[in-house]
Structure formats: C-alpha cells, structure tokens
Amino acid sequence: MTEHPGPTEWGEGPGVGPWEGPLPDDPRYDEALLRDGDTRNVVDPYRYWTREAIIADIDRRRHPLHIAIENFGNDANIGAVVRTANAFAVDTVHIVGRRRWNRRGAMVTDRYQRLRHHDTTADLLAFAAAEDLTVVAVDNIPGATRIETTPLPKNCLLIFGQEGPGITPDAKAGAVSVVSIAQFGSTRSINAGVAAGIAMHAWIVQHADLGLAW
Ligand SMILES: C[S@@+](CC[C@H](N)C(=O)[O-])C[C@H]1O[C@@H](n2cnc3c(N)ncnc32)[C@H](O)[C@@H]1O
C-alpha cells in the first residue's frame, strides 16, 4: 500500500526552507530535506534529520510507560492516543484486537512511535508480565481510585477501553488496580483519546524529568 504523506507533511504549514550555507557533515541530516526544506511536524531540534535519526534519538530517552487501547470494535480515538503518546515519549502503544485503525488522527506521528499489536487482552497481559510492567486499567467503574491522588507505578502499562463498552473484564481482571479521572458534569464518561491524554500526563507529572522536556 502506498504511504501517503499526512496533512502535516504537505508543506503548507510552518517549517524551514532549504539549508542555507555550507551543508552539515552529519549522518543525521537528510540530503533531500537539506536541499528542499523541511515542513514536517517535528520539533525544531529535529529539523532536517532523517526519520531514522529522530526515532533513534527518542528511543534513547523513552519513558517506561506503555499504553494499551482495546480495539475490538472500531475505535476512532487510536490516532489521537498515538499522537499524544509520541508527544510524551511513551515506550510503546499497544493495540489490542483489530489491527486496523484510523491513522488520520495520528497526524503522521505513528511513524516515530513504537506500535505493537496483540490479538487478545491475554496476549497483552502476558507481554506485560514478561516485561515486568505493572498493569493499571483506566476507567470510571466501581472500585476505581482517583488518578489525581493515586501513585502510578514507574514501569507501567495503562489500559484504556473503547467507546461504549469501556474496558473488558479481562483487562480489569489483569490489572493490579483501576484508576478513574474525576468528572463534575453530566456526561457519564469522556472521550477515550482525551482520557488517555489525561492519564499519560498524570504519569508524566509523577515520574518524568521535566528538565528533559523540549
Ligand atoms: C467513553 S469511555 C467507555 C464507557 C464508559 N465506561 C461509560 O460508562 O460510558 C471509553 C474509555 O475512555 C476511558 N475513560 C472515559 N472516561 C473516563 C474517566 N472519567 N476516567 C477514566 N477513564 C475514562 C476509559 O478507558 C474508557 O474505557
């Protein structure tokens, strides 16, 4: 399948033009980008870098935080989850169930984010056990504690459910705990992509070295 450029790589947005002055002698730079300019959605320190060099640099400082989203229906939020996971240098985003998901919301960030597929929640839990990750489910169901006041494990896998059913019984059973995001309005729940962003940021507040942020 042809890999089409995403909307943030179409060149209309912010970016930089062709490199000015003598070309740098550094293998991280991409010849075509130096020649033509770089309008990709990447932070300025990565301007003109090859995709491989950007991934290698993020890989050196990814957080020990994994995110899983159950995809047994057709969840349109996965793209947003991937984009936010990229922003927070999450180790891996795990998609459980269907392989297909709508990449549009990822805004090309999936090219820089480790993604892994698992057929079943049991497969995901086996991975977490093998990697020594503590599994925490995120949903506003009975028995959940407030994420705002709950310490999250450092080596952590956060599991999110889908629109409609929420997390599966398997995910709930496999987690050491369930955390919920405090709500104050009339809706029963918030969008899964938004919930994932809030939960990832809760982990960042507790564990990340903010001196390493851009
Ligand atoms: C739209 S919700 C699913 C259904 C929800 N349990 C309900 O009763 O409507 C989809 C997913 O978003 C996350 N989510 C939504 N609101 C949440 C909240 N207040 N606290 C924690 N997770 C939430 C959970 O992972 C949930 O499985």
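The legends below describe a predicted model.

Figure 1. The ligand is surrounded by 17 residues. The closest of these residues are Gly161, Gly166, Ser189, Ala192 and Ala195. Sorted by class, the shell comprises 7 nonpolar, 7 polar and 3 charged residues.

**Figure 2. Overall course and dimensions of the chain.** The chain contains 6 helices and 7 strands, which follow one another along the sequence in the pattern α-α-β-α-β-β-α-β-β-β-α-β-α. The C-alpha trace spans about 60 × 40 × 35 Å along its principal axes. A compact globule of 214 residues would have a radius of gyration near 17 Å; the chain has 19 Å, which agrees. Of the 214 residues, 32% count as buried. Among contacts between residues at least 6 apart in sequence, 69% join residues at least 24 apart.

Figure 3. The domain assignment divides the chain into domain 1 (27-57) and domain 2 (62-212). Taken over C-alpha atoms, the centres of domain 1 and domain 2 are separated by 29 Å. Contact between the domains involves 4 residues of domain 1 and 4 residues of domain 2. On the side of domain 1 that touches domain 2, the residues divide into 2 nonpolar, 1 polar and 1 charged.

**Figure 4. The largest nonpolar core.** In soluble globular proteins, nonpolar side chains tend to be buried together. The largest nonpolar core of this model has 41 residues, of which Ile67, Ile69 and Ile159 touch the most other members. At least two residues of this core are supplied by each of strand 1 (63-71), helix 3 (78-87), strand 2 (90-97), helix 4 (121-130), strand 4 (134-138), strand 6 (156-160), strand 7 (177-180) and helix 6 (192-207). Helix 6 gives the largest share of this core, with 6 residues.

**Figure 5. Contacts of Ile67.** When neighbours within four places in sequence are left aside, the contacts of Ile67 are Val81, Ala85, Val90, Val93, His94, Leu158, Ala196 and Met200.

Figure 6. Helix 3 is mostly covered, with 8 of its 10 residues buried. After helix 3 comes Ala89, whose phi is positive, near 50 degrees. Ala89 is found in the loop between helix 3 and strand 2. Because 19 C-beta neighbours lie inside 10 Å, Ala89 counts as partly exposed; the cut-off for a buried residue is 20 or more.

**Figure 7. Positive phi at Val108.** Most residues other than glycine have a negative phi. Val108 is not a glycine, yet has a positive phi of about 75 degrees. The place of Val108 is in the loop between strand 2 and strand 3 (115-118). With 21 C-beta neighbours inside 10 Å, Val108 counts as buried.

**Figure 8. Arg35 and Trp19.** Arg35 lies in helix 1 (residues 31-36). Because Arg35 has 11 C-beta neighbours inside 10 Å, this residue counts as exposed. Arg35 and Trp19 are 16 residues apart in sequence, and 6.4 Å apart in space from C-alpha to C-alpha.

**Figure 9. Ile141 and its contacts.** Ile141 is located in the loop between strand 4 and strand 5 (145-146). With 14 C-beta neighbours inside 10 Å, Ile141 counts as partly exposed. Leaving aside neighbours within four places in sequence, Ile141 is in contact with Gly166 and Val178. Gly166 is also one of the closest residues to the ligand. Ile141 and Arg51 are 90 residues apart in sequence, with 40 Å between their C-alpha atoms.

Notes: Residues are numbered from 1 along each chain as its sequence is written. This is a predicted model: local features need pLDDT of at least 70, side-chain atom pairs count only at pLDDT 80 or more; totals for chains, interfaces and linings use all residues. Domain bounds come from an automatic or database domain assignment. Two residues are in contact if their C-beta atoms, placed from the backbone, lie within 7 Å. Ala, Val, Leu, Ile, Met, Phe, Trp, Tyr, Cys and Pro count as nonpolar, Asp, Glu, Lys and Arg as charged, and the others, Gly among them, as polar. A residue is near a molecule or strand if its C-beta atom, placed from the backbone, lies within 6 Å of it. A nonpolar core is a set of buried Ala, Val, Leu, Ile, Met, Phe, Trp, Tyr and Cys residues joined through C-beta atoms within 7 Å. A residue is buried if 20 or more other C-beta atoms lie within 10 Å of its own, exposed if 12 or fewer, and partly exposed in between; C-beta atoms are placed from the backbone. Helices (H or I, at least four residues) and strands (E, at least two) are DSSP runs, numbered from the N terminus. The radius of gyration is taken over C-alpha atoms; the globule rule is 2.2 Å times the number of residues to the power 0.38.
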